[in-house]
Amino acid sequence: MKPITTATLVSMYVKPKLRRGQIGSRLVEGFLVWAKEQEADRVDVTAYASNPEAIKFYERHGFAPKSVILEASL
């Protein structure tokens, strides 16, 4: 077995009035550079299923769905 190192982008938010200005793209690109410098084997990010714009944004940057988490309130 070979251990896999994963760098996780935990949370990112760009105010709506600042979107479309490539700020998010530059932040993701910086994260990817940092992850490579840390010798990560892969990267991941979490986005809410109810936020399709975020999911599309991350997919444009090479991320792909890996799993689905279902939850219910008690």
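**Entry 1: ground rules and overall surface**

Accessible areas here come from the Shrake-Rupley method with a 1.4 Å probe, and for residues only the protein chains shown count as cover. I looked up the total first: the protein exposes about 6,700 Å², and carbon and sulfur atoms supply 55% of that area. I note that this is a predicted model, in which local features need pLDDT of at least 70 and side-chain atom pairs count only at pLDDT 80 or more, while totals for chains, interfaces and linings use all residues. I also note that residues are numbered from 1 along each chain as its sequence is written, and that side-chain values use heavy atoms, with hydrogens and water left out.

**Entry 2: overall layout**

I next looked up the secondary structure, taking helices (H or I, at least four residues) and strands (E, at least two) as DSSP runs numbered from the N terminus. The protein comes to 2 helices and 2 strands, and along the sequence they follow the pattern β-α-β-α. The C-alpha trace spans about 40 × 40 × 20 Å along its principal axes.

For burial I kept to these cut-offs: buried means under 20% relative accessible area, exposed over 50%, and partly exposed in between, with a 1.4 Å probe and protein chains only. By that count, 16% of the 74 residues are buried.

For contacts I took heavy atoms within 4.5 Å. Among the contacts with a separation of 6 or more, residues 24 or more positions apart account for 59%.

I also looked up the charges, counting Lys and Arg as positive and Asp and Glu as negative, without His or the chain ends, and placing each charge at NZ of Lys, CZ of Arg, CG of Asp or CD of Glu. The mean positions of the 11 positive and 8 negative charges are 8 Å apart.

**Entry 3: the nonpolar core**

Which residues make up the largest nonpolar core? A nonpolar core is a set of buried Ala, Val, Leu, Ile, Met, Phe, Trp, Tyr and Cys residues joined through side-chain atoms within 4.5 Å. I found 9 residues in the largest one, namely Ala7, Leu9, Val28, Phe31, Ala35, Ala54, Phe57, Tyr58 and Phe63. At least two residues of this core come from each of β1 (6-9), α1 (23-37) and α2 (52-60). In soluble globular proteins, nonpolar side chains tend to be buried together.

I then followed Leu9, which is found in strand β1 and counts as buried because its relative accessibility is 12%. Leaving out residues up to four places away in sequence, Leu9 touches Val28, Phe31, Asp44, Val45, Thr46 and Tyr58. Leu9 and Ala35 are 26 residues apart in sequence, and their C-alpha atoms are 9.6 Å apart in space.

**Entry 4: the two sides of α2**

In α2, I found Ala54, Phe57 and Tyr58 to be buried. Seen down the axis of α2, these buried residues fall within an arc of 95 degrees, so they line one face of the helix; the arc is that of the directions from the helix axis to the C-beta atoms. The buried residues of α2 pack against β1, α1 and β2 (42-45), whereas the face turned away from the buried side carries the exposed residues Glu53, Lys56 and Arg60.

Phe57 is buried, with a relative accessible area of 15%, and, apart from neighbours within four places in sequence, is in contact with Met12, Gly24, Ser25 and Val28. I also looked up the distance from Phe57 to Leu18, 39 residues apart along the chain, and found their C-alpha atoms separated by 15 Å.

Where do residues other than glycine with a positive phi lie? I found Gln22, with phi near 70 degrees, in the loop between β1 and α1. Glu39, with a positive phi of about 65 degrees, lies in the loop between α1 and β2, and Glu39 counts as exposed because its relative accessibility is 64%.

Asn51 has its place in the loop between β2 and α2 and is partly exposed, with a relative accessible area of 34%. Asn51 and Gln38 are 13 residues apart in sequence, with 29 Å between their C-alpha atoms.

Gly62 follows α2 and has a positive phi, near 95 degrees. Ala64 is in the segment after α2 and counts as exposed at 61% relative accessibility. The C-alpha atoms of Ala64 and Asp44, 20 residues apart along the chain, are separated by 8.9 Å.
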